[in-house]
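My plan is to look things up one by one and jot down what I find.

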Amino acid sequence: MNDPFDPRIAEGPSELTLDAYVTGDADPEEAAAVEAWMAADPANAALVEARRAGFDAMPQARPQAMLARIRQGLDAAEARSGTEAAADAPRPAPRRRFSLGQWLFGGLALAAAAAAVVFLARPGVEDPGDVVLTKGALALEVFRARGDAVTALVSGDSATAGDRLRFVVDNLPEGPGHVMVVGVEAGGQLFPYFPADGRSVAAHGTLRDDRSLPGSAVLDDSVGQERIWLVWCPQAFASKQLKPTNAGLATADAACRTAGFTLEKRSKP
Amino acid sequence: MPLDVDLDTLFRQYGPMVYRRALQILGNPHAAEEATQEVFIRAMKAGDRFVAEARPSTWLYRITTNYCLNMIRDSKRRRALLDARKAEVAPTSVARDPQKMTVLRGLLAEADAQQARAAVAVYIDGMSHAEAARVLGVSRRTVGNLCDRFTRWARARLADAPAGEPRRP
């Protein structure tokens, strides 16, 4: 076998220098060196361009899932540090339309929504006791359909009224369990996205082969930041047992797991 | 103190870099995701210390490298990571042979921690000794010594691999 310990495996900028250049952290001297290196060989320039493309050039990466788990980890850390605060008094949930149909996504035929069911949920708030968020690998991926265009959202992305959201569950815990997706408005109002009746459903048997939840949610015209939460619990539960807190979302069972996602709801241009 | 920087902005700018670096060291996409998540959680929790960094990329490089080295040193993970021979690593500036990378990962899992950090900087990231010295916060001479010791130990390790453990330098 060749010796893998050449003093310098290759000429040119180091990995760190290239990253500093792409992220804008490089100083002028380093930037000039990288640009000279790029000019010397089209392959070098192509390599930097691929690096500029970020996650788009790394098909195996799942940035949405990573972001969701980072948020979950931060929420759990805050909860553990005792910063969790009690939520405000119960509020009426906003109206959401939930279409029970399917939609086109990722080249897979999902028919247009068959019907939109308007519901109004007014969850009561139960004291979650000492329950804190449980850190885990559960993650929520959110896809937005606008017309025929479907986009995999990254937490923090925006959507407008009429956009349809589809939810995909990542890394479901082993064993039987129940799932639900809820939204929490900036004002703290909690409402169920899926299922529309605010009662959890068995995860296995509900998730499709592509790990998606059936149906899609159609956004109304409210604006502002919203947190979407995927909740998994070993036992059946209801949305009224979930409680928004400053640190995240409290559940009625310490064994539950949550995964959050931030959505910026904007008015139509 | 919580970091007063939007996570999404930070992740868009530096997420690909951290993930790519983790993938280079670990050679396993799932492990690289786990490392990326943990690095960003630490960055956000570091708060002001992170913001005060003149070059966030250098700070992230350090904690990513350290975290990944700890991962491959974890005996529970080692076998799975070292068996990751088909990792899809994005193109880099260093023309690396996948077989050599597998060998390097195996060695990094067992090497002296300080030598491993220097070896990552020089043999994986293609840094000069001067650049590695700046990033690692040691002298250039120290980098040279660490790399020399790592190389001697690694060559002995490779020569004696089936027979037993070489002595650590």
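**Entry 1: ground rules.** I call a residue buried when its relative accessible area is under 20%, exposed when it is over 50%, and partly exposed in between (1.4 Å probe, protein chains only). I am working with a predicted model, where local features need pLDDT of at least 70, side-chain atom pairs count only at pLDDT 80 or more, and totals for chains, interfaces and linings use all residues. Residues are numbered from 1 along each chain as its sequence is written, chains are lettered from A and ligands numbered from 1 in the order in which they are written, and side-chain values use heavy atoms, with hydrogens and water left out.

**Entry 2: chain B as a whole.** I looked up the burial of chain B and found that 56% of its 169 residues count as buried. Next came contacts, meaning heavy atoms within 4.5 Å. In chain B, of the contacts between residues at least 6 apart in sequence, 66% join residues at least 24 apart.

**Entry 3: one residue in a helix.** I picked A35(B), which lies in helix α2 of chain B. Is A35(B) buried or exposed? A35(B) is buried, at a relative accessible area of 0%. Leaving out residues up to four places away in sequence, I found A35(B) touching A22(B), L26(B), Y67(B), C68(B) and M71(B).

**Entry 4: the cores.** In soluble globular proteins, nonpolar side chains tend to be buried together. I searched for nonpolar cores, which are sets of buried Ala, Val, Leu, Ile, Met, Phe, Trp, Tyr and Cys residues joined through side-chain atoms within 4.5 Å. The largest has 62 residues, and Y19(B), L26(B), F40(B), L60(B), L108(B) and F150(B) have the most contacts inside it. Two or more residues of this core come from each of α4 of chain A and, in chain B, α1, α2 (29–46), α4 (56–73), α6 (98–108), α7 (113–124), α8 (129–136) and α9 (140–160). α1(B) gives the most, with 11 residues. Another core lies apart from it, with 24 residues, including L138(A), V179(A), A203(A) and F261(A).

I then followed Y19(B). Not counting residues up to four places away in sequence, Y19(B) touches residues of both chains, among them F55(A), M58(A), M66(A), P29(B) and T36(B).

**Entry 5: a pocket.** Rolling a probe the size of a water molecule over the atoms shows where empty space is left. A pocket here is an open set of points on a 1 Å grid over the protein atoms alone, where a 1.4 Å probe fits, with protein on both sides within 12 Å along at least five of seven lines; lining residues have an atom within 4 Å of a point. I looked at the second largest pocket and counted 21 lining residues, with A53(A), G54(A), F55(A), R12(B) and P16(B) nearest its centre. Which element gives the largest share of that lining? The answer is α1(B), with six residues. At least two lining residues each come from α1 (15–23), α3 (42–52) and α4 (63–80) of chain A, and from α1 (7–26) of chain B.

**Entry 6: strands of chain A.** I count two strands as paired if DSSP finds at least two bridges between them. Strand β11 (residues 224–233) of chain A has eight of its 10 residues buried. β11(A) pairs with β7 (residues 178–185) in the antiparallel sense over eight bridges, and V182(A) has W229(A) as its bridge partner. β11(A) also pairs with β14 (residues 257–266), antiparallel, over nine bridges. There, V231(A) is bridged to T258(A) and Q225(A) to E264(A). Strand β5 (residues 158–160) runs parallel to β14(A), joined by three bridges, with T160(A) facing R266(A) as bridge partner. Seven of the 10 residues of β14(A) are buried, so this strand is largely enclosed by the rest of the structure.

**Entry 7: two loops.** P195(A) sits in the loop between β8 (190–194) and β9 (201–202) of chain A, and the peptide bond from F194(A) to P195(A) is cis, with omega near -10 degrees. D210(A) is in the loop between β9 and β10 (216–218) and counts as partly exposed, at 27% relative accessibility.

Note on methods
Helix = DSSP H or I, 4+ residues; strand = E, 2+ residues; numbered from the N terminus.
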